[in-house]
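Biologist: Please show me the chain, and then let us go through it by question and answer.

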Amino acid sequence: MPVPLRSKATTQNFSNPLGGVRSSYEGPRVEISRDRTLSWWRRILPVIASHRFTFGTAIGLSFVSLVFQTLIPNLLNGAITNVLVRHSAALHVSVIEILLVGLAAGITGIISRQYVFQTAYNVEADLRTLIYEHLTWLSFSFYDRVQSGQLISRANSDIRSVQMYATFAPLIVVQCFIGVIAFGFMLSINLVLALIAMTVMPILYVVGIKMRRVMFPISWITQARLADVATIVDENINGVRVIKSFAQEEAEINRLADAAERVAWAYIKDAQIRGQWSPWVQNLPQLGLALVLTFGGLMVIHGHLGVGAILAFNAYLLMLQAPFMMLGQLVMMGQRAKASAERIFEVLDEKSEIQERPGAFDLDHVKGELDFKNVNFAYSNGAEILKDFTAHIEPGETVALVGRTGSGKSTVARLVTRFYDVSDGAIEIDGHNLRDLTLTSLRSNVGVVLDEPFLFSISIRDNIAYGQPEASMEAVMAAAVAANAHEFIAQLPEGYDTVVGERGYTLSGGQRQRIAIARTLLVNPPILILDDATSAIDVHVEAEIYRALRSLLKNRTTIVIAHRISTIALASRVLLLEDGRVVANGTHEQLLATTPLYSQVLAQTTSAEQ
Ligand code: ATP
Ligand code: MG
């Protein structure tokens, strides 16, 4: 059955390789500094600097607001002295004065807070985009190494702690600066009393630091334990079918309960420490007030000080208390932000192992000649999977790759698409080393259908058109027909508009595989790799798919990785893979006749199905 798919010429236009999806996205406007020798906050600085207008306004206004606030106690002092004691000024003038300054402090405070939060959440969004964007560029080997649960928690909590510090630390510094001004006012009112009032402040500072020091480890433990819970929940949701089929609900609930208990312990410990320390932090300033009242009172009695001054001192002391307490917090936040930033950098500094070399060119007008030249390959854990793997595949040829399970067949597919790089040797398409080609042009020309197809939670039409979002409905249907999927799709209540559930679970394994085949056929790659692509499809439907494919495969280089003899029969040649090498190469019949190992492998891998 001839199937009108898109012509090759249209798929070889790489001006917008990833289709319409990315064209509107221009990436984060900023980058962190790539210079690893810089301190962490210098590296983050460009992100914050990109919001300098809102941030500058926030800090400026918060400064103005605090200056207004520090004026109030002094005005109060003047009012009490001049209006109440000396009767030299009118009461209403002083009241209006104080109200106006208070109003100004309030308004500037509100606006500054708005700008602070605006900056904070924009910085957070920037960092998040930076990380997510970077994650999409990282190579498979990175994902082999890291746990996705950890990554997600890192992206969330670490970004938050860096953002908090980056935006609130400058505000605390402003507060401290205001503290200096307040102290100046106190000194100007009465030097001795100012010094007496300040005696508690160093103690407050030390207590604050001590408290943070005890709390710091416990807050780390809490974070780590929360991440554990997240991982367990994640596994329970994703693995719910396995859990239920092995009736392990009870065990999983216990595992979760244990983890939850450990979180609870950490939170309780945190509350205990807070409980032990906060009375000190809260009541030390009262001691300062008591000192002011005692010594200031004596001074007033002896006529050395006005009553208003005591009121002003009280107000200033309360004002000073905040920066002294926050200074301790600043230290702790700084430590945490540093650790968080370093973990964020760990991800951002991770280089994709698969790099386009400078001057890489687009693979164009592909004939489809595929050459494996003495390829050696090991995954990052070290075991050699391919050793001196050598093979030559002619343009338009269909070759079956056969081997025991774990022999490295899928690995070969991953190398041709450059999901991993060969350790030694080279893979060439039309005589071009893969390393010389741009990645998008390579991957648009090599289509792989995996045995475990991932479908997105979007309509079937959009799933098939994933690689070619602008494809016409006719093209999508033609691809579905070729993959023998059209019939069952047409029978669904909403046809091509049916949204498949998370990971396409509402479809059977075979149906998902057929959609995945259609998805790759639509892109119409000149080189096609079918990795166990029909393993879940029953033999009769598979035969139909291959009947349809046969005409499609005629003009393209195809590697089929398969266990079924019916699939292998499609190929004009069989490569037998054993110990990372091609140990036999010939037609199915030739290998059957000459290579006992081939019969053995076939017997092993096909016994279940024949
Ligand atoms: P099957 O027929 O079961 O699909 P296969 O021939 O496709 O097997 P591969 O998936 O290529 O086998 O795996 C070859 C070997 O490489 C196996 O021993 C496997 O354990 C190992 N391997 C596969 N993927 C990775 C990875 N990401 N990291 C480390 N080792 C891996
Ligand atoms: Mg495999």
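Modeller: The model is a predicted one.

Biologist: Which residues of β7 point one way, and which the other way?

Modeller: In a regular strand, side chains alternate between the two faces of the sheet. In β7, Leu-528 and Leu-530 point to one side, while the other way point Ile-527, Ile-529 and Asp-531.

Biologist: Which residue stands opposite Ile-529 of β7?

Modeller: Strand β6 (residues 446-449) runs parallel to β7 and is joined to it by four bridges. Opposite Ile-529 stands Val-448.

Biologist: What is the bridge partner of Leu-528 in β8?

Modeller: β7 also pairs with strand β8 (residues 557-561), in the parallel sense and over five bridges. Within β8, Leu-528 has as its bridge partner Thr-558.

Biologist: Is Asn-524 buried or exposed?

Modeller: Asn-524 is placed in the loop between α18 (509-523) and β7. Its phi is positive, near 60°, in a residue other than glycine; most residues other than glycine have a negative phi. The relative accessible area of Asn-524 is 5%, under the 20% limit, so Asn-524 is buried.

Biologist: Where is Arg-418, and what is its relative accessible area?

Modeller: Arg-418 lies in the loop between α13 and β4. Arg-418 is not a glycine, but has a positive phi of about 55°. Arg-418 is buried, and its relative accessible area is 3%.

Biologist: At what angle to β1 does helix α13 run?

Modeller: Helix α13 covers residues 409-416. The helix lies across β1, β2 and β4, and its angle to β1 is about 115°.

Biologist: In the open sheet of four strands, which are the edge strands?

Modeller: The order of the sheet is β2-β1-β4-β5, with antiparallel pairing. Two of its strands pair on one side only, and these edge strands are β2 (384-393) and β5 (432-433).

Biologist: Which residue of β4 is the bridge partner of Asn-376?

Modeller: Strand β1 (residues 370-378) and strand β4 (residues 424-429) run antiparallel and are joined by five bridges. The partner of Asn-376 in β4 is Asp-424.

Biologist: Which residues does Phe-456 touch, not counting those up to four places away in sequence?

Modeller: Phe-456 sits in the loop between β6 and α15 (460-464), and at 30% relative accessibility it counts as partly exposed. The residues touched by Phe-456 are Asn-463, Tyr-466 and Val-500.

Biologist: How far apart are the C-alpha centres of domain 1 and domain 2?

Modeller: The chain is divided into domain 1 (11-348) and domain 2 (370-609). Their C-alpha centres are apart by 53 Å.

Biologist: What radius of gyration does the chain have?

Modeller: The C-alpha trace spans about 120 × 50 × 50 Å along its principal axes. For a compact globule of 610 residues the radius of gyration would be near 25 Å, whereas the chain has 35 Å.

Biologist: What share of the 610 residues is buried?

Modeller: The chain has 22 helices and 10 strands, and exposes about 29,900 Å², with carbon and sulfur atoms supplying 60% of that area. Of the 610 residues, the buried ones make up 47%.

Notes:
Residues numbered from 1 in each chain as written. Chains lettered and ligands numbered in written order. Predicted model: local features only at pLDDT ≥ 70, side-chain atom pairs only at ≥ 80, totals over all residues. Heavy atoms only, no water. Domains from an automatic or database assignment. Pairing = 2+ DSSP bridges. Contact = heavy atoms within 4.5 Å. Axes fitted to C-alpha atoms, helices over the stretch in contact; angles between N-to-C directions. Rg over C-alpha atoms; globule rule 2.2 N^0.38 Å. Buried < 20%, exposed > 50% of the residue type's maximum accessible area, 1.4 Å probe, protein only. Areas by Shrake-Rupley, 256 points an atom, 1.4 Å probe, with all protein chains shown as cover.
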